[in-house]
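Subject: Structure handover

Hello,

Here is the structure I said I would pass on. Please look through it first; my notes follow below.

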Amino acid sequence: MKTRIYTNPPTTVNEKWINTPLIDAEPRILPRVPPAFGIPTDTLNDNVYMHFYETLGIGIDIVTETVFNYPYPYLSEKVCWPILHKRPFVLVGAAHTLELLHHKGFKTFSPTIDETYDTVDDAQKRFGMLTTEIHKICKLSLPDVKNVLLSFKDVCEQNFHTLKALKNNELNQLKASLNDII
Amino acid sequence: MHFNYPPRISATFTDILSKKFDIVEFFDLMTHDNDTIFNVLSKHDSNKFDDNTRILIFHDDTDYYMPHVKYGLKIFNLYQVCCELNIALNSIIFVTNHAGIGAEFRLLLGDDARLPMVIDNVVTFNNDISIPIENFNLHIDTSEINIKYNMLCMMGKKRVHRYALYNFILQNNLSSKIHTTFHGDYQNED
């Protein structure tokens, strides 16, 4: 009999990494957004609607990925929302996640946003660098935020098309790698 | 063999792999705990597998890493189950978004062992990512956006880094600058 290890309570995330007093936040349920801009309602999930609703009138997105203190760069659907809505973003996620995005063909927002946080493995230090950057952006006036947004118009447009092509690119890479095997 | 793939996993990916290999079992580590994996794999005897027979496993959930241990509990438990059932690890195709996770199998099995085939450079096998993207044709003119907040921060499930960020926003009075939502345990947000 081999020994398996079970966590109690069951969890898939080890989060004991930062000495911050926890705050209980009241869950907030957002209203559904009515169909707009011809988005086919049957193909988009609630997340898209919520994010679309929240993104109107927003300059720069803060993406809080699924994990932060994690041994692998981790991409989920969360980073897709600012790309779909053509917004620059700051990524609160595992180290080297921006590097993975670059590897997938995306461009990010350095040097306007200091993205050296992505290279820092130490979670607490990385979190400090992220909050410094967020604080810096919050000190900008709204017209300045708009200017930042406009300065990244082409990058955001390119990222949007890279994202739309991502699945096909990955499928083609998978086919090619399988052809190499046998 | 035909499987009813869970809607979370892209059928296009599984079809490509099914055309190349004889897939006799398929599961998603997110939805299968240790005992379920044991029950699923106990139906198979890898001694009877031919060279092209494979078990297909998808892994894009997070894993639990104990301090100073370089492999996650899911990988460890999968390895233990396979040992227990005498399933050869090299009969597994492991598709994941965890780039570099093959090192965990090498730690457990050793460099000389016959390792699983690890495909670790894909993220769009998860339909949560790929379905909205393919159908999204929203035309946003950045120059016409009327900015009301510097930033947006949408947070789903309760996680330590989200609490920390929420603390930071409150303690620095940034809620007028950062449009913030925190859903807690609402629905399946993570």
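Two residues are in contact here if their C-beta atoms, placed from the backbone, lie within 7 Å. In chain A, among contacts with a separation of 6 or more, 62% are between residues 24 or more positions apart.

This is a predicted model, in which local features need pLDDT of at least 70 and side-chain atom pairs count only at pLDDT 80 or more, while totals for chains, interfaces and linings use all residues. Residues are numbered from 1 along each chain as its sequence is written, with chains lettered from A and ligands numbered from 1 in the order in which they are written.

Chain A has six helices and two strands, in the order α-β-α-β-α-α-α-α from the N terminus. Helices (H or I, at least four residues) and strands (E, at least two) are DSSP runs, numbered from the N terminus. Of the 182 residues of chain A, 39% are buried, that is, 20 or more other C-beta atoms lie within 10 Å of their own.

Chain B is divided into domain 1 (11–130) and domain 2 (142–182), with bounds from an automatic or database domain assignment. Their centres, taken over C-alpha atoms, are 37 Å apart.

Regards

Notes:
A residue is buried if 20 or more other C-beta atoms lie within 10 Å of its own, exposed if 12 or fewer, and partly exposed in between; C-beta atoms are placed from the backbone.
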